[in-house]
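Reader: I am new to reading structures. Could you take me closely through one part, the way helices pack against each other, and then show me what else stands out?

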Amino acid sequence: MRPFLSRYKILPPLLGFTSGILISEYIGHEWILIALLSPIFGGVYILKPKLGFLIFIPIGLLFSTKPNIQENSILNFTGKELDVEGVLYRSQEAREEGTRLFIEVNKIFIEGKEAEAQGKAIITTEERLPPLAYGDRIRVLDTKLRRPRSFQNPGGFDIRRYYERQGIYATGFVPGKEWIISFGKSESSNPFLHGLDRLRVRFASFVRRNAPFPESEMLNAITIGDQGGIPKELINEFSSAGVSHLLSISGLHVAALALVFYIIIKWILKRSEFLLLRFQVPRLTAALTILPVFIYMFVAGFANPVVRASIMAIVYLISIVIGREENRLNTLAVSAFIILLWHPWALFELSFQLSFASVLGILLMNKFYPLKLNTFKDKLLSSVKTTVAASFATLPFIVNSFGTISIVSIPANLVAVPLVEFLIVPIGLLSFLSFLASDFVAQVFLFLDVFLIKLFLLVIEGILKFPLSSLTVPSPNYKSIVLLAFALIPLLLWKWYPKLRLLLPVIIIGFIITLALNIFRNPHSGSLEVDFLDAGSRNITFIRLPIEKTILIDGGFSSLKTGGYIERSVLTPYLLKSGVLRIDYLILTSPDKDHLEGAKSILRKFQVDRVWTNGRKLDGELWELIKNKGIGWKDISDGEPEPFEIEGVKVEFLKPASGFRIKDSSLPYPVLVRLILKDVSFLLGEGITDEDAIKSLLETHRDKMQSEVVYFPKAPIGQKGSSEFISIFSPKIIVTNSTLESISKLNEGSKLDSDSNPTVFETETEGLVKVITDGKEIKVRTFLDK
């Protein structure tokens, strides 16, 4: 170990600093730990200098301490209607529909009274806004601020923690530009950065005017980092092909740009005999290449991923200048250290993890199979090696985050990376630079880039036509992740301790076994398990039958306003974390566009056997998916569906009387789903909260209404008829996705039996609610029980 540490001296301090960040994240109490650990590790450093890296643990804690919430924090004004005034701390982000504004708030106005406030907030609009830039002072009228909310389900992404790491404590929404007042540049903002960002905004508008959609959005994403307007369908296609990283400015973009300019500058310098005789051209070239990297960082608007990638590139170029480029692992560690000093929470961001994993994979590949660039054959083989190394190194992170393995990733990257990195990106940058002088010249480069992007899209479309271009896999468990991390030990120490190579096959076999057990395990317990997911105002119920079948009710929801957030960030991670790859029955109680759009995503991602819809209003794309995948379809609104039984569980659909008419034709026809296992029954569905539907259901199905577990999609407090409705079936358990202020309100007028005292579980406050029954006893667990 000593020879390894003497060669890579930066690794122990980096390990200590990273440990401090992890302790801060998962344990907290930073100041107490700093006070305790600093003198202990300081003494260790004095007595045993070799363990001096431990002093970096309290330093990591210090850099990652969480800020105290001040009395005038914007967090204290959430839940109120108000006006917000502040300065844009980054440029606006165009979305597929609408715009996002990032505001450093310093004033709020409540009922005409001004008050000081501080903190960052994100305001989303329903429509695209006129150009606004970094440093502009704006006021947002009549918005209701909310604290970012994380949905509490297994596998869920903690969006609140993600925002709070960036100092963002509130979000808001306004319909459009009428609710935004711009006061122009703030006096406190940097005039250079403000002017540069206005130029970026102008260039984005120029591209959208002169290039077709979606090529315009792709070019803006690749050139200036404005990727919010790329269609979600296109992002999904690129993810399936394993090339989604090409749609954002990442380490690969910056590295490719640095390489292009390094080659060009070196070629120019070699034309001069004077420079060849007096300077080491490679070192001079590396020094001069730092400038275009800085320029690209300016053009991309100093977004965090761009700054991280630029730091990595600049550190490597500096290592060439000082003659230390051979020790690449140390250079990588120095880059990581600088980035974490600047932004400790980058450690938890996927872009940081992917960037460093891919570079580490390439370095390890070069260690065992050196990369050569002498002949064309060498260059081709080196391209294959680097692509394979980067793909395998980033695979665990991609599987854990997206649950997808792209089978065509390696060939897709071999074709797409040279096209994007060595043609589209440099030409896009030339288009931006020429835009400063001439719109006409910029348009020439723009049209050339559009042609190349069209070619790029055709290549990806062709690759995705291959069968099984991507596979959906469950999220790896902790055993697999730990084994994979241990694989780094023999890979890094192989040179000094050759016997460690014997551990590598053992670790790989163990990893494959744990992964296979996770994929092929049978999670069914012999009981009926009903999971009510925390999905805000959306209704998602997942049912695991006693033996092997599964039912998903209203799981397809992909609102265009939220960019498919519910399906992509709530339901899919939950299913993958639960090891679910197959859905036997997908039941959609509503035929609205949002539900149907989400159903498409479910059908693409998972194996679905049957789709039952509450109506026939399905669009062509959904019909095509059902037909091509051989999925069974049934309309449960047609007549009175017969009850059926699966694995001992009886399933009934309860509908209002035949003469029932809904007030709003855009709303779904009310349908309740009833599950019965021996002595226990569940009643689910949106019709429970419709007053007219309640009356009609009571007239038609009064004898079937008694159920032990009832799911209210919305709290029925104060709704006419709801207390009578509840008293009919006297549930033991009520699950709702909204907060019930007091269950006692349901007892007004003694409408509930005196013996009826149902337990209420709220997904909004308790997270996912899991109800388990063997037909006799009922057990309930919530996400917060952990």
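Author: Start with a term. A crossing is right-handed if the near helix is turned clockwise from the far one by less than a right angle, and left-handed if anticlockwise. Keep in mind that this is a predicted model. Two packed helices are described by the angle between their axes and the distance between the axes.

Now take helix α6, residues 191-210, and helix α16, residues 409-435. Their crossing is right-handed. The axes come within 11 Å and cross at roughly 110 degrees. Angles of 65 to 115 degrees count as roughly perpendicular. That is why α6 and α16 are described as roughly perpendicular to each other. Which residues meet? From α6 come Leu 199, Arg 200, Arg 202, Phe 203 and Phe 206. From α16 come Gly 428, Ser 431, Phe 432 and Phe 435. Sorted by class, this contact has five nonpolar, two polar and two charged residues.

Stay by α6 for a moment. The loop between α6 and α7 (215-224) holds Pro 214. The peptide bond from Phe 213 to Pro 214 is cis, and its omega is near 5 degrees. Most residues other than glycine have a negative phi, and most peptide bonds are trans. Glu 111 sits between β3 (99-110) and β4 (113-125). Its phi is near 55 degrees, a positive value in a residue other than glycine.

Back to helix pairs. Helix α12 (residues 304-321) packs with helix α13 (residues 328-342). Their angle is about 140 degrees, and the axes are 9 Å apart. So α12 and α13 are oblique to each other. This crossing is right-handed. On the α12 side, the contact includes Val 307, Ile 311, Met 312 and Tyr 316. On the α13 side, it includes Leu 332, Ile 338, Ile 339 and Trp 342. The contact of α12 with α13 divides into 10 nonpolar, four polar and two charged residues.

One more pair follows. Helix α14 covers residues 350-368, and helix α15 covers residues 376-402. Their axes come within 7 Å and cross at roughly 145 degrees. The crossing of α14 and α15 is right-handed. In α14, the residues in contact include Leu 350, Ala 357, Gly 361 and Met 365. In α15, they include Lys 385, Ala 389, Ala 393 and Phe 402. By class, the contact of α14 with α15 has 11 nonpolar, six polar and one charged residue.

How many cavities of 30 Å³ or more are counted? The count comes to one. The largest cavity has a volume of about 60 Å³. It is lined by 11 residues. The closest to its centre are Thr 541, Ile 553, Asp 554, Gly 685 and Tyr 711. The lining of the largest cavity has five nonpolar, four polar and two charged residues.

Note on methods:
Residues numbered from 1 in each chain as written. Predicted model: local features only at pLDDT ≥ 70, side-chain atom pairs only at ≥ 80, totals over all residues. Heavy atoms only, no water. Axes fitted to C-alpha atoms, helices over the stretch in contact; angles between N-to-C directions. Helix = DSSP H or I, 4+ residues; strand = E, 2+ residues; numbered from the N terminus. Parallel < 35°, antiparallel > 145°, perpendicular 65-115°, else oblique. Contact = heavy atoms within 4.5 Å. Nonpolar A, V, L, I, M, F, W, Y, C, P; charged D, E, K, R; others polar. 1 Å grid on protein atoms, 1.4 Å probe; cavity = no way out; pocket = protein on both sides within 12 Å on 5 of 7 lines; lining within 4 Å. Points joined across faces, edges and corners; volume = space filled by probe spheres on them.
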